[in-house]
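Here is a brief report on one protein model. Please look over the sequence and the structure before reading on.

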Amino acid sequence: MGPEAAAGVKTESSDESTGEVTVMVISESDSSDVSTDAVPESSKQPMSYVSDKCYPCPTCGKTFDRPSKLERHKHVHMKTPKTLHQCQHCDKSFKEREKLVQHQKIHNRTNQHPCLDCGKVFNRPSRLERHRRTHSKKPRVPHQCSFCMKTFSKLNKLVRHERVHTGEKPFTCTVCGKCFSELGHCKSHEKTHEDQPEKPHSCQQCGMCFFKASKLRRHMRTHTGEKPFRCTVCETCFTRSEVLRRHMRSHTGERPYTCLICGKGFFSRRDLNVHDLTHTGEKPHLCPVCGKGFSQVGNMREHEQNVHIKKEKYICNECGATFTQYKSLTKHQRVHTGEKPYVCLPCGSSFSWSHGLSRHRRSLTHKQMCMAASKDLSVDGPSESA
């Protein structure tokens, strides 16, 4: 065999008519072309995968391609469930005995860890240590009002309270421009400007509607006559809590509303607004009979009764003094009964008249007593916390 035959493929063909034999040598490159051309196109497509998993599990139906895998899988169904350890005190059960022993310690605990400060008993030392931190905490420094010396636990409450003294109203109605000291009051007021404001709370007796349920409850007292707010000093009852707070200032002498012009203090904002008319000279209340002007409506009504109507006079049974108003008679009778409803809470002194209490609170003796009491509180505070 020559080198040409080694490099390629030798093929022979013969002609039957002449008897000649033709020898052809096909190289490897040519043979590849011939072989590819000779292969039909149908054989070039990929063969589809046929699963060989013909060994099914008789228990769950899962199939495997080998008997050894099926045998190994059968052990999954042959496993026995683990033994559960049951607690004797409750219905809980555990797979591991160590966890059962740890759980039973809860039932075996006794309250044997008392707090030395308050005597409270705990069943764990960790809980006792956590509780003892409450005794070591320092009391919060209260925020004190610079006008009336009241204290508050939070700064935002102090800021809201000081608006009573300063008259600040930072919240403004976007419709009419009216100002309010609190945001909630401003939002409630803005609802009144709606075309048809929703008032879901209605009175069943008179049909009046209100925005809030609290307003309805307060209105119902006008029908029932209920006065749930009672003064602890003179036992007077009121229908509203704000009226009781204003009344209590007559006993304590507190006047949180101060005139910026003359410095005079008043029990309520309304009294301060009436007092401001004395500085402006405005007298909006006119007598319907003679047309005389007054800065306060009470003075105008008193003038109308005493000058024009002249009602019958009220006579004191003790001394025979006469008064045009019944309230003036009741105040006068304190002279005979010795009643002193105006009490100074810091020192306990009592007075028959509100101006007597106010004069007492402005005295030097009262101020020194209050300063001494505040110093005692500041000295006792750190010692208690220590």
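Which residues does H189 touch, not counting residues up to four places away in sequence? They are C173, C176, K178 and F180. Keep in mind that this is a predicted model.

H189 lies in helix α7, which covers residues 183-190. Its relative accessible area is 15%. The cut-off for buried is under 20%, so H189 counts as buried.

The H189 side chain also has a polar partner. It makes a polar contact with the side chain of H193, at 3.1 Å.

## K157

K157 belongs to helix α6, residues 155-166. Its relative accessibility is 37%, so K157 is classed as partly exposed.

H143 is 14 residues away from K157 in sequence. In space, the C-alpha atoms of K157 and H143 are 8.9 Å apart.

## Rings and charges

R255 places its charged end over the ring of F267. The distance to the ring centre is 4.2 Å. As for aromatic pairs, with ring centres required to lie within 6.5 Å, the count is 0.

## The protein overall

The protein has 386 residues, and 19% of them are buried. Its secondary structure comprises 15 helices and 24 strands.

The accessible surface is about 29,500 Å². Carbon and sulfur atoms hold 51% of that surface. Among contacts with a separation of 6 or more, 8% join residues 24 or more positions apart.

Key:
Residues are numbered from 1 along each chain as its sequence is written. This is a predicted model: local features need pLDDT of at least 70, side-chain atom pairs count only at pLDDT 80 or more; totals for chains, interfaces and linings use all residues. Side-chain values use heavy atoms; hydrogens and water are left out. Helices (H or I, at least four residues) and strands (E, at least two) are DSSP runs, numbered from the N terminus. Buried means under 20% relative accessible area, exposed over 50%, partly exposed in between (1.4 Å probe, protein chains only). Rings of Phe, Tyr and Trp (its six-membered ring) pair if their centres lie within 6.5 Å; planes under 30 degrees apart count as stacked, over 60 as edge-to-face and the rest as tilted. A charge sits over a ring if NZ of Lys or CZ of Arg is within 6 Å of the ring centre and within 35 degrees of the ring normal. Contact means heavy atoms within 4.5 Å. Accessible areas come from the Shrake-Rupley method with a 1.4 Å probe; for residues, only the protein chains shown count as cover. A polar contact is a pair of N or O atoms within 3.5 Å; within protein, one must be able to donate a hydrogen and the other to accept it, and residues adjacent in sequence count only if both atoms are side-chain atoms.
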